[in-house]
Amino acid sequence: MSDENVPARGETGLFVYGIVPSDVEPTPDAQGVGDPSGEVAAIQHDDLAALVSEVGLEKPLGHPADLAAYETLLDGTAAVAPVLPVRFGTVVTGPDAVRDLLEAHHDRFAAALDEFEGRLQYTVHGRFDEQAVIGDILAADRRAAELAGQVRGRPEAETREQRIRLGELISQAVELRREAANRELIEALAPYAVLNAPRPPSHELDAVNVAFLVDVEDEKDFDRTLEDFAEQRRDLMRLRLLGPLAPYDFVSAHQLVE
């Protein structure tokens, strides 16, 4: 790597967290990314502002503490005002670059903030109980049940092919059940969600993983319906609700600058 590509010692930039209305100000105790964390400020342009903090360019960002600080700031802001998260790791040269960004994309940013006013993201994530879902699959699929009987109590070396085939059948069956569970979840919560965004599974036993954009006035009905959904399936899967969050899964719909 040439010296011209290496940031000079002490060189800094501005880490951009998100776009907010111009009347939004960070609290005095807001913590930014980096070590030590920079003071969070709002750089304004017309009716928009960007939440930023100064970071040193000689140290890479991306530690778990940095991501936690980024999400904490955005989620806390979303609880009191609309916010458009900017992709984690976005760093610009200084205040003028921030104002140029706000000016160049003003209309899209303003329209998105209007849409997210009074709305929050909730993410529903759940996993199948392994024993319960495999038992369900074996009861429903004769081929899988036969293979399970053939490998039970026998050495792996002697039953390698059967185990591979059984694993494939179980994986396919889990995928079908996952697709059905996500459809059922979206259908159940659709009356209380403005938008939904299915997310890819993070684990082979994931049952559901969907983000929802919810009006504040519908939060109680959303929670109640989700509790009923979870109770009806408590023997098969365990669900958890993440939120309220900034609308991470919905800003891309506006093709915002990353």
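User: Is Val55 buried or exposed?
Analyst: Val55 counts as buried, at 5% relative accessibility; buried means under 20% relative accessible area, exposed over 50%, and partly exposed in between, with a 1.4 Å probe and protein chains only. This is a predicted model, in which local features need pLDDT of at least 70, side-chain atom pairs count only at pLDDT 80 or more, and totals for chains, interfaces and linings use all residues. Residues are numbered from 1 along each chain as its sequence is written, and side-chain values use heavy atoms, with hydrogens and water left out.

User: Where does Val55 lie?
Analyst: Val55 is part of strand S3, residues 48-56. Helices (H or I, at least four residues) and strands (E, at least two) are DSSP runs, numbered from the N terminus.

User: Which residues does Val55 touch?
Analyst: Leaving out residues up to four places away in sequence, Val55 touches Glu11, Thr12, Gly13, Phe15, Val33 and Val91. Contact means heavy atoms within 4.5 Å.

User: What separates the C-alpha atoms of Val55 and Leu241?
Analyst: A distance of 33 Å separates these C-alpha atoms, and Val55 and Leu241 are 186 residues apart along the chain.

User: Turning to the backbone, what is the phi of Asp46?
Analyst: Asp46 has a positive phi of about 55°, although it is not a glycine. Asp46 sits in the loop between strand S2 (40-45) and S3, and at 60% relative accessibility it counts as exposed.

User: Which peptide bond is cis?
Analyst: The bond from Gly243 to Pro244 is cis, with omega near 5°. Pro244 belongs to strand S9, residues 237-245.

User: How many residues does helix H6 have?
Analyst: Helix H6 (residues 160-189) has 30 residues and reaches 43 Å from its first C-alpha to its last, close to the 44 Å expected at 1.5 Å a residue. The expected span is 1.5 Å times one less than the number of residues.

User: Which residues of H6 are buried?
Analyst: Among them are Leu166, Leu169, Ile170, Ala173, Val174 and Arg178. An α-helix has 3.6 residues a turn, so residues three or four places apart point the same way.

User: And the chain overall, how many helices and strands?
Analyst: The chain has seven helices and nine strands. Its radius of gyration is 24 Å, well over the 18 Å that the globule rule gives for 258 residues, so the chain is more spread out than a compact globule. That radius is taken over C-alpha atoms, and the rule is 2.2 Å times the number of residues to the power 0.38.
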